[in-house]
Amino acid sequence: MLYGRQPECARIDEILRRARDGVAGTVLVRGEAGIGKSALLDYAAKQGSGMLVLRVSGVESETHLAFAGLHALLRPVFDAIDRLPPPQAMALRGALGLSDEVGRSHFLIAGGVVGLLSALADDQPVLCLIDDAQWLDAESVDTLVFAGRRFESDSVAMMVAVRADVDAALPVSLRTLPQLVLEPLDETAVDEFMESGLELVLDHRLRDAVIAAAGGNPLALVELSGENVLRGIGADSQRLPLSARLERAFLRRVELLPDGAQRLLLLAASDDSGQIGLLLSAGEALGASVDDLAAAERAGLVRVDESVLDFFHPLVRSAVYQSATFAERQRAHLCLADAAGAAPDRRTWHRAAAAVYPDADVADELEDLARAAERRAALETAAASFDRAASLTADPARRADRLLCAAELSWEYGRAEQACRYIESAEGIGLAPVMQARADHLKGRIVTTTGVVLDGYELLVTSAAQIAETDPLRAAAMLVEATRAASYCGAVDRVLDAGRRAAGLRVDGGLPPAACFVAGVAALLGGRPQEAAPLLRSALEAVEQQDDPSLFVWAGTASAYLGDFAGARSYGIRAVARAREVGAMSTLTQALELLSIGELPVAPRMAEADAVEGLRLARETGQVPSMAVHLSTITMVAAIRGDESRASDCAKQVMALAAEHGLAFPEARAEAALAVLDLGLGRPQQALERLDELHQSARHAGVSLGAAPDLVESAVRAGVPDRAAACLAILEAWVETSGSLWAQALLARSRAMLTDGAEADRLFTEALELENRHGTPLTKARTQLLYGEFLRRERRRAEARPFLRSAWEAFESFGAAPWAGRAQAELRATGESVRRRDSASIDELTPQERQIARLVATGASSKEVAGRLFLSPRTVDYHLRKIFSKTGITSRNQLRDLQLDS
């Protein structure tokens with residue numbers, strides 16, 4: 001019976017009930033050692049009748065063994081892995097050590113866990129119980145949390161228990177889960193517990209002392225109630241934390257055992273496997289036998305189940321291990337290493353734990369383990385292996401190299417602070433120039449993504465200059481990232497500087513492709529389009545021979561600079577598809593930036609769906625600039641729709657990130673989006689003030705140029721066309737230098753608005769001819785609206801109607817209510833009435849539902865869609881049912897008839 005835990009039990013009951021009803025739930029149970037976390041998990045297991053219960057407990061010495069926790073949790077259901085799509089099945093088998101084939105993607109592995117548990121839940125509800133998660137390996141924790149966040153309509157419940165005194169060491173992913181905090185038992189519950197009939201040997205005179213010392217902790221009440229135990233653990237124990245007092249209590253019981261049993265317990269405390277055969281084999285060298293194991297079991301300190309030993313409580317393990325001398329622990333690890341011949345990773349880690357001085361053989365073995373872990377996407381474990389290998393390496397250069405390997409893997413895994421600590425340790429050794437450049441490259445990437453972006457730029461370009469002669473390929477790669485950083489900040493002068501540096505790099509007598517990209521962007525922004533075009537095209541040609549999604553991202557950027565927005569969108573599609581295929585989540589967030597920006601004037605709803613996914617992934621991977629860019633795209637979509645509340649909320653988030661990290665690009669985009677909102681809602685004066693300030697502040701030249709037509713329209717509609725003159729001149733210069741026909745269409749439209757009569761007619765006609773060949777649906781619709789308004793004012797109503805009708809139809813399809821309303825009003829003024837299309841059902845779809853619908857409409861199965869979006873098939877089916885309900889369709893085939901690409 002759980003005394004005093006009725007509210008907590010009720011919450012567990014509700015989670016289990018909802019899971020049985022097909023609504024997934026995850027909770028993090030937090031509390032001090034002995035407070036009852038494991039008992040609450042036991043309660044859940046007992047209440048989970050009819051559910052498939054999977055359970056694992058973390059072990060402190062197990063944290064360096066990649067996916068060990070996941071392996072233990074899923075061991076009973078390994079056969080079900082065959083039900084997964086091949087890429088996920090291969091990745092999951094490789095991670096769990098069930099196959100030599102590996103897929104180097106943590107997200108493919110996590111997607112495999114999502115699919116596996118979802119498939120099992122099709123047969124019966126699943127309950128996952130993870131105890132002492134603070135001691136699970138990081139890969140297992142992050143994988144399970146990732147899965148827990150993606151279950152929606154699955155019959156899966158997950159409970160994760162952690163100790164409250166290790167908050168600082170908890171992975172960030174765990175802290176994001178809904179929490180259930182276990183407080184000490186109240187006085188009533190303590191009295192009930194003490195009088196519950198437990199066979200406690202307690203002098204009645206010590207009862208009050210026990211209650212006071214236990215502080216409402218159930219385990220402490222039991223353990224401190226032993227005969228004279230408070231006296232036995234020392235008078236100074238009251239000054240110790242409760243966990244330390246409990247350890248002393250457990251240690252008194254250990255000290256009563258024979259020497260052989262104590263040595264066997266130390267072996268068990270030094271190893272995470274709990275394998276009886278391994279412990280007894282290692283124990284032979286220490287004079288321990290199976291009789292000693294029986295003595296420890298009779299003392300209630302360990303449990304043996306199916307040839308596996310487990311401690312009664314984690315504090316027993318820590319008490320045994322910490323009370324031993326270093327020499328005793330060292331001997332235990334060496335004996336375990338000798339006994340673990342068939343498990344090279346365990347043997348190596350035991351040898352490493354016993355090592356005191358540099359040991360080249362052990363260090364090399366640790367590096368081999370690190371490389372193997374890296375191939376299995378166990379990046380945190382690989383980093384820890386490199387770190388320990390470095391500590392056992394005598395050669396300074398080799399030690400520094402291993403620390404930098406640890407830093408690079410930690411960064412790739414999203415552990416920026418840990419990566420910085422490894423870099424600092426490496427620099428403390430003293431680095432040769434090529435190694436320092438490697439360290440600076442990583443530091444630049446970290447600062448660019450998590451700190452003040454221009455600080456990262458400065459670090460990258462400075463370091464690139466130092467290795468331009470010796471390592472031009474790395475220098476070029478650094479300048480690409482520096483250019484990206486400068487673009488986020490709107491610092492054209494820095495882009496030009498990076499371009500000058502890139503132009504001087506040489507490999508085999510020519511510019512590396514990355515250098516061509518940087519130099520080409522700089523030449524274009526520097527007003528030298530004739531020089532820029534061949535450089536950018538050369539970079540694009542090099543990318544065509546590759547399948548790296550990150551290269552597709554900067555190829556799409558190069559296409560955009562060339563004015564080829566269709567090409568940019570095409571590269572965005574390729575980058576997203578490839579990143580999904582290989583599970584490259586960091587790159588996927590950037591690919592979705594490119595794609596969603598490219599989709600904005602073509603399919604605003606899809607742009608929003610991609611941006612929402614990109615925002616979620618950017619938050620999970622800690623990419624602050626990408627978060628801001630995706631938020632600015634969502635702001636623009638909301639502005640086009642006239643959703644003032646959502647646009648304002650997202651814009652505020654962008655501004656906050658921009659202020660902290662120096663992100664002019666997303667900040668300027670958000671401000672331009674709010675101007676579009678003002679313009680659409682009939683507030684041209686407010687739009688003009690926003691855009692005027694945007695141009696005057698020169699926050700981001702590219703955004704200002706893109707918003708120039710909006711400024712012209714705002715000035716004209718506000719009745720102050722003279723305020724558009726300066727902006728128009730900038731737009732003219734841009735068209736002249738870029739040669740973009742898309743920009744030329746916008747220029748012709750803007751000029752038309754600033755004139756009248758036959759000249760305006762000619763310019764509008766020119767703009768629409770260019771739009772038909774090189775424009776986008778949204779910009780074309782706006783030009784048609786403006787031309788229709790012009791024709792109506794000229795009393796050419798019949799001529800105006802086709803343009804206004806076409807504009808209205810486009811705005812309706814986009815869900816751009818303010819613009820559709822404006823076109824509808826103009827049509828009525830020409831004498832033609834129109835009915836609003838019934839597109840409400842499409843507009844009701846969430847971004848995720850729209851994304852799922854679009855993929856299913858291509859013929860993809862639920863399982864295939866789930867794999868691409870890292871969801872469960874059941875969740876995909878759940879969203880499909882909602883899609884059918886909202887749109888009134890009844891089959892997947894009918895999805896093709898919906899206007900999903902708008």
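Student: Which loop is Asp-132 found in?
Tutor: This is a predicted model, where local features need pLDDT of at least 70, side-chain atom pairs count only at pLDDT 80 or more, and totals for chains, interfaces and linings use all residues. Residues are numbered from 1 along each chain as its sequence is written, and side-chain values use heavy atoms, with hydrogens and water left out. Helices (H or I, at least four residues) and strands (E, at least two) are DSSP runs numbered from the N terminus. Go by those elements, and Asp-132 sits in the loop between strand S3 (126-131) and helix H6 (138-150).

Student: Is Asp-132 buried or exposed?
Tutor: Buried means under 20% relative accessible area, exposed over 50%, and partly exposed in between (1.4 Å probe, protein chains only). Asp-132 has 7% relative accessibility, so it counts as buried.

Student: What is phi of Asp-132 near?
Tutor: Most residues other than glycine have a negative phi. Asp-132 isn't glycine, yet its phi is positive, near 50°.

Student: And Arg-795, is it buried or exposed?
Tutor: Arg-795 also has a positive phi, near 65°. Its place is the loop between helix H42 (777-793) and helix H43 (797-814). With 71% relative accessibility, Arg-795 counts as exposed.

Student: What does Leu-117 touch, not counting residues up to four places away in sequence?
Tutor: Contact here means heavy atoms within 4.5 Å. With those sequence neighbours left out, Leu-117 touches Leu-54, Leu-74, Val-126, Cys-128, Phe-151, Val-156 and Met-158.

Student: How many residues of the contact of H29 with H30 are nonpolar?
Tutor: On the H29 side the contact includes Phe-552, Val-553 and Ala-560, and on the H30 side Phe-565, Tyr-571 and Arg-574 are among the residues. Ala, Val, Leu, Ile, Met, Phe, Trp, Tyr, Cys and Pro count as nonpolar, Asp, Glu, Lys and Arg as charged, and the others, Gly among them, as polar. Besides 3 polar and 2 charged residues, the nonpolar ones number 11.

Student: How many residues apart in sequence are Arg-874 and Asp-122?
Tutor: Their side chains meet in a salt bridge at 2.5 Å, N to O; the term means a side-chain nitrogen of Lys or Arg within 4 Å of a carboxyl oxygen of Asp or Glu. Arg-874 lies in helix H48 (residues 873-887) and Asp-122 in helix H5 (residues 106-123), so the pair ties together parts whose separation in sequence is 752 residues.

Student: For the salt bridge between Glu-608 and Arg-641, how far apart are the closest N and O atoms?
Tutor: Glu-608 is buried at 5% relative accessibility, whereas Arg-641 is partly exposed at 24%. The closest N and O atoms of this salt bridge are separated by 3.0 Å.

Student: What is the relative accessible area of Glu-849?
Tutor: Glu-849 lies in helix H46 (residues 847-857). Leaving aside neighbours within four places in sequence, Glu-849 is in contact with Glu-844, His-879, Lys-882, Ile-883 and Lys-886. Glu-849 counts as buried because its relative accessible area is 0%.
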